[in-house]
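Subject: Structure for you to look through

Dear colleague,

I am passing on the structure below, with some notes on what turned up in it. Please keep it open while you read, as the notes go residue by residue.

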Amino acid sequence: MSETVVSAPVVRRRGAASAAWSNARAVYIIWYRDVLRYSRERAQVVASLAQPLLYLIIFGTGLSSAIGGARFGPSGANYQTFIYPGIIGMTILFTSIFGAMSVVWDREFGFLKEVLVAPIDRSAVAIGKTLGGATRAMIQGLLLLVLAPLIGVALSVGSILGIVVLAFILAFALSALGVALAARMRSMQGFQVVMNFLMLPMFFLSGALFPLSGLPDWMTILTRLDPATYGMDAMRRAVLGSAADPLGVSLFGQIVPIWLEALILIAFGLMMLALAVRSFQVRD
Amino acid sequence: MDQPVAIAAEGLVKKFGEIEAVKGIDLSVRTGEIFGFLGPNGAGKSTTINILCTLMKATAGNAAVAGVDVERDPAGVRSRIGLVFQDPSLDQQLTARENLEFHAFMYNVPAAVRGQRIAEVLEMVDLADRANSIVMTFSGGMRRRLEIARGILHTPTVLFLDEPTIGLDPQTRRHIWSYLEALRDREKITIFMTTHYMDEAEYCDRIAIIDHGSIVGLGTPDELKATVGGDVVTITTADNHAAATELSERFQLAPMVDNGTLRVEVDDGAVFVPRLVRELSVPVESVAFRRPSLDDVFLKLTGRAIREEEAGPKDMLRMMGRAWGGRR
């Protein structure tokens, strides 16, 4: 029996060189879909700003009064100013992890099947989803920069550029973590666990709400193991300027430079991405 | 004869732990035919289709789709096939066109022909005027049509459809079928589909009946019906009881009393009916005969009827999901 194949005229078949190109196109469209959906969720975007505002205005004012208007760092930032960059980081953290859960959502609603049967490498799926989630989380976090004048923080073009880069690196690292987790989850039921045992501990240990110096040893160790710590710290120093450097996180008695914090996040993100790729490559 | 083969499978086996879902299936589907895979839920239909689509690995056996081995080159197979899944798989927040654009990128449809091809497939399923509507606003039938359009967008050699009409109303189902037939003629595509609707299997060129993981019957609908033999005659009389006795004693038949009617199977209904009316002593009130249906074939091959009630709880959920649209 001969196996004559009727060849289709439209689709390019994969050669070695075109395989990389088609994977790049797949990454692009997976990313683009996330951005497109995000752009259609205007009401949701506005609603999701409510939580950071509650932290800043009510929690910030309340705790600031309770601690008698204590000042932080040599520049004498008040508590609200101190947590402002932390709240930007929190927004990025929550949006990244929530965003990655869309993988589980896609699985439950069937769209993931359309993605997984396409003739592309599964790594393109992991990379596309990570970049898509990171873009959303970054924009969501950066939206809070409009509050800077109200908080009394002066931003320059240079510092904004630095903040954008850091916001993206943090969003990338956390989205990669989220996608790596979501790739193994078969239903939304696991999400509660992720929230209570990962997202919230990461947030509370990150130093978004209090300085990470003078803590008991056990907690100092936990805070230094939390990748979000380096993002929050770098974000704080970028937003509040070099005056906030003495507040920086120390490792082995040394204050960690911002570039090293960025490197730690990138390395963590790449590790998580590799894990996500592996999870997606499993076939039944 | 040099008949091109679109799907070839030999000795396919799939085990889930101790359970053997597919027990050695051999298949040969010709290019350009509509091939139906018929069987009750849990017979192994979806498992087989998943192996052929490279979504699952077979425990044993081998298969080639469009001449490409599913084990050795899954990506090669995937670029040559189109898929319409049992469960909806559209992004309902996007428009019809955006869903197709996503697919075009994933399947590497060149930019030069992308727009034209998208317009073409939308036209084919009568959705050109709804190209820019969000899928959420679509009815179940429209979503199905869009999924079929998406399935053929990248000009696959073989289109797989897993229960393409489940949960749709009869009129929409007929509609979908007319699209599929037009498609086969226009695109010269091979269509491989599973269904548990007997009436739909009639549209197929050939059918394989699968039960408990094995193929128990294979052929054209007419060939399969011929295996039942003869015609099914339904009779109502003034006294069914007396008529039944007479049918078995004088006509040597095995009548079945069913809902106030008598059913018998005979070799040739056209010859039997006049003789019956002439010779039966009980007055005949009505008589009809028909060719055996695929239901009769299924009953004969598996000893069970395939019915709507076979739809399990998951199918009920699916149907409700279709009916209500389901927010997403």
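Which residues touch the most other members of the largest nonpolar core? This is a predicted model, and in it that core holds 155 residues, of which A:Leu93, A:Leu170, A:Ala276, B:Leu52, B:Val65, B:Ala149 and B:Phe160 touch the most other members. Helix α9 of chain A, which spans residues 157-182, supplies the largest share of this core, namely 15 residues. There is also a second, separate core of seven residues, and among them are B:Ile235, B:Ala243, B:Leu247 and B:Leu262.

B:Thr54 lies in the loop that runs between α1 (45-52) and β4 (60-65) of chain B, and its phi is near 70 degrees, which is a positive value in a residue other than glycine. B:Thr54 is buried, because 23 other C-beta atoms lie within 10 Å, where the cut-off for buried is 20 or more.

B:Thr155 sits in the loop between α5 (140-152) and β7 (158-162) of chain B, and phi of B:Thr155, again a positive value in a residue other than glycine, is near 45 degrees. Is B:Thr155 buried or exposed? B:Thr155 has 21 C-beta neighbours inside 10 Å and therefore counts as buried.

With best wishes

Note on methods. Residues numbered from 1 in each chain as written. Chains lettered and ligands numbered in written order. Predicted model: local features only at pLDDT ≥ 70, side-chain atom pairs only at ≥ 80, totals over all residues. Helix = DSSP H or I, 4+ residues; strand = E, 2+ residues; numbered from the N terminus. Buried ≥ 20, exposed ≤ 12 C-beta atoms within 10 Å, placed from the backbone. Core = buried A, V, L, I, M, F, W, Y, C linked by C-beta atoms within 7 Å.
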